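Take a look at the chain below. We go from the overall build to a few aromatic side chains.

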Amino acid sequence: MKASNYSINTLKEMPADADIISHQLMIRGGLIRKVASGIYNWLPIGLRVLQKIEHIIRQEMNTAGGLEVTMPVVQPAELWQESGRWAQYDEGMLLKFIDRHQREFCLGPTHEEIITDLAKTELNSHRQLPINFYQIQTKFRDETRPRFGVLRAREFIMKDAYSFHIDQESLEHTYRVMHDTYARILDKMQLTFRAVDADTGNIGGSASMEFHVLADSGEDKIAFSTESKYAANIEMAEALSPPNEVTEIEPIQEIATPNARTIEEVSSYLETPTNRLIKTLIVKGRDTPFVALALRGDHQLNPLKAERIGIVSQPLTMATEEEVLSVCGASIGSIGIVSLNLPVIADRSAAAMRNFICGANKNGYHLTNVNWERDTQYTNVYDLRDVAEGDPSPDGLGKIKFTRGIEVGHIFQLGQKYSKKMNAKVLDAKGISRVMTMGCYGMGVSRLVGAVIEQHHDEKGILWPTIIAPFHIVIIPINAHKSDRVNQVTQEVYAQLIANDIEALLDDREGYRPGVKFMDSELLGIPYRLVISERGLEHNIVEITSRKSGDTRSLPVARATEKIIELVKESLNQ
Ligand code: ATP
Ligand code: MG
């Protein structure tokens, strides 16, 4: 490709509204341009990268036995009503509209409904199973906070796959194959990632794992073990029960705590660490009006864990100030679990404590030396809190540490959630009609472009792994218009590289100083740069520089092409 016929649209200035590095570099490099909030144009350079990522995904999905299809972006309301998600899918995420005949539609945020409906007509015998359909296609989700460029867009590209099975065992097999396929795809792109246990969210189903690219800018917090392969989204990571405290039970005492409302204020007023306090949270119940949740003062409530307990409302809803006052007889800063006429659920760590402090249900007072067995009634113990760094890993090996990640993939065992509602059945070996079991497997294709940059950049710009770089090498001739020899060698090397399937960009733009071309090639992260100059040619050499290491080597002109092919091929296989 000759740069003079191409579209290189780099910017010197830092874009004002881009707050993380991948977004900044994608705008500065001219990979994308914003059209509206969370909606982007992909320019030629960006599209090349996107298509290379798609190619890797397609290859690996095909190897895993996936069958590519394309489903529509526009989806009829009826199918979503059948699955029950028309009203319920992640509040406001569905962009709905009506056509000229007043029929309702939405822009597809995901395709469970469409594929299940398709499977219903196309699949009728167990002999056709298992089968795994996939597509690489545009999705639309009306995200509340589109941000970070392509990382959280409204219109984005996803690879989504859906598998159909006669039983759970077959699903588990494909689920494992998809797990390994995802790991291979991310390895090929040279990403450092973790596969973590995850919540199934509004997609539903029994088991699910997320693939997170590790990056400080990631929106998700991941808990992992210092000693084992254990990793989980913080939403999911289990906090184990600590051993019960064994100190003697002391006499309970009421003490005045004027003006101390928060855990921190009470802790400093009583000169006691926050982990000797218990905080009580009043939330709405499912069948009873209210439920009390008790956690150690230094621990954080995990809403998902609370919602999983049958008696807590979903979504988790805190009682208002007035409600707390009427239920506990005191305001929020002074409430506790003694003589509380409500179901109480204690977090495991709270339940292990003795002689602790909690509110007295009397404004401006707390109780010390409170003990579950003597002072409270009706208490259930659950894992209610977020794990904390330093907690023991749930698998018994090592301690929990935190890191941040960008979710680039999510695999689910859906079971029969959609197939049952939508009546997708096949005949089994005995001729009996059976509801199919399903899996689904999403991967954020456009999000991956940003995720790679988050892990592969330096102060000059992007550092693409060669396999997804927009070009393998940029050729920069110095003063070609003044030197026939430079011009001639440039054209020869360029032609030979192209003939050998090396994706070379010849930067023949007129009116650009070499320094500017160098900076552009660095910003764009092209893995190799070949400089052809009169001075070099006097010694029969050209110079090649690695973007990553910055090392420059001289290559004899006669062997330059051969050497470059070798280097590029090597780095493609890294
Ligand atoms: P998130 O938690 O980041 O909102 P999700 O769990 O809602 O994502 P899934 O329904 O699991 O997303 O979709 C599969 C994949 O699609 C995700 O793993 C992610 O890589 C990608 N994806 C989801 N939402 C977006 C978005 N707004 N922009 C870009 N990619 C996205
Ligand atoms: Mg997800």
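A residue counts as buried under 20% relative accessible area and as exposed over 50%, with partly exposed in between (1.4 Å probe, protein chains only). The model is predicted, so local features need pLDDT of at least 70 and side-chain atom pairs count only at pLDDT 80 or more, while totals for chains, interfaces and linings use all residues. Residues are numbered from 1 along each chain as its sequence is written, chains are lettered from A and ligands numbered from 1 in the order in which they are written, and side-chain values use heavy atoms, without hydrogens and water.

Start with the whole chain. Its C-alpha trace spans about 95 × 70 × 50 Å along the principal axes. The chain has 574 residues, and 53% of them are buried. It holds 16 helices and 30 strands. These are DSSP runs numbered from the N terminus: helices are H or I with at least four residues, strands are E with at least two.

Next, the domains. Bounds come from an automatic or database domain assignment. Domain 1 takes in 3-237 + 402-453, domain 2 covers 253-382, and domain 3 covers 471-572. The C-alpha centres of domain 2 and domain 3 lie 68 Å apart.

Contacts come next; a contact means heavy atoms within 4.5 Å. Of the contacts between residues at least 6 apart in sequence, 69% join residues at least 24 apart.

Now the surface. The accessible area is about 26100 Å², and carbon and sulfur atoms account for 49% of that. Areas come from the Shrake-Rupley method with a 1.4 Å probe; for residues, only the protein chains shown count as cover.

Turn to the rings. Rings of Phe, Tyr and Trp (its six-membered ring) pair if their centres lie within 6.5 Å; planes under 30 degrees apart are stacked, over 60 edge-to-face, and the rest tilted. The structure holds 7 aromatic pairs. One of them joins Trp 80 and Tyr 89 edge-to-face, at 5.5 Å centre to centre and 80 degrees between the planes. Trp 80 is buried, because its relative accessible area is 0%. Tyr 89 has 4% relative accessibility, so it counts as buried.

Phe 133 and Phe 164 have ring centres 6.5 Å apart and planes at 65 degrees, so this pair is edge-to-face. Phe 133 sits in strand 7 (residues 131-140) and Phe 164 in strand 8 (residues 155-165), so the pair ties together parts 31 residues apart in sequence. Both Phe 133 and Phe 164 are buried. Elsewhere, ring pairs link Tyr 182, Phe 193 and Phe 211 into a cluster.
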